[in-house]
Amino acid sequence: MESPCDIATGYAIVGGYIQIYVPSEQRQWLAHRYAWTQANGPIPKGFYVCHRCDTPACRNVRHLFLGTAKQNMRDAVEKRRTFKPKRCKRGHNEWATTKDGTRRCQRCHREYMR
């Protein structure tokens, strides 16, 4: 990043994002979404304000970009920010993806089906 992160202060919520209260609008905002809106206008429906810097509390508009949910997840995977457990709760390492796209342990599923 060419410019440093601008870390917002306020109420931290799950994931490290910062929630702020904007008195003039009498509502709560996520700091990065508010910063984007002030600099670029409304966020189009179906889009997320994503971080290039991967710092949820950052509100530097140079670090932010708009993306769909799919683009946001692709960015997370490419940067290795997603977490996929290597073993199930019972210690098996036999993952399979189901038709609906969820993952489950094949061994646990076989034992459950018996």
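**Close-up views of a predicted model**

**View 1. I13 and its surroundings.** Beyond its neighbours within four places in sequence, I13 is in contact with Q19 and L30; contact means heavy atoms within 4.5 Å. This is a predicted model: local features need pLDDT of at least 70, side-chain atom pairs count only at pLDDT 80 or more, and totals for chains, interfaces and linings use all residues. Residues are numbered from 1 along each chain as its sequence is written, and side-chain values use heavy atoms, with hydrogens and water left out. I13 sits in the loop between β1 (11-12) and β2 (18-22). Helices (H or I, at least four residues) and strands (E, at least two) are DSSP runs, numbered from the N terminus. With a relative accessible area of 29%, I13 is partly exposed. Buried means under 20% relative accessible area, exposed over 50%, and partly exposed in between (1.4 Å probe, protein chains only). I13 and A57 are 44 residues apart in sequence, and their C-alpha atoms are 9.8 Å apart in space.

**View 2. The largest pocket.** Its space comes to about 320 Å³. Of the 15 lining residues, Y17, C50, H51, N72 and R81 are the closest to the pocket centre. Two or more lining residues come from each of α1 (31-40), β4 (48-51) and α2 (69-78). By class, the lining has eight nonpolar, four polar and three charged residues. Ala, Val, Leu, Ile, Met, Phe, Trp, Tyr, Cys and Pro count as nonpolar, Asp, Glu, Lys and Arg as charged, and the others, Gly among them, as polar. A pocket is an open set of points on a 1 Å grid over the protein atoms alone, where a 1.4 Å probe fits, with protein on both sides within 12 Å along at least five of seven lines; lining residues have an atom within 4 Å of a point. Grid points are joined across faces, edges and corners, and the volume is the space filled by probe spheres set on the points.

**View 3. The salt bridge between D6 and R59.** The closest N and O atoms of D6 and R59 are 3.2 Å apart. D6 lies in the segment before β1 and R59 in the loop between β4 and β5 (64-67), so the pair ties together parts 53 residues apart in sequence. D6 is partly exposed at 34% relative accessibility. R59 is also partly exposed, at 31%. A salt bridge is a side-chain nitrogen of Lys or Arg within 4 Å of a carboxyl oxygen of Asp or Glu. By this rule there are four salt bridges.

**View 4. The network of D54, D75 and K79.** Salt bridges link these three residues. Between D75 and K79, the closest N and O atoms are 3.3 Å apart. D75 is buried, with a relative accessible area of 12%. K79 is partly exposed at 32%.

**View 5. The salt bridge between R90 and E111.** The side chains of R90 and E111 meet at 2.8 Å, N to O. This pair links distant parts of the chain: R90 is in the loop between α2 and β6 (95-97), E111 is in helix α3 (residues 106-113), and they are 21 residues apart. R90 is exposed at 55% relative accessibility. E111 is partly exposed, with a relative accessible area of 30%.
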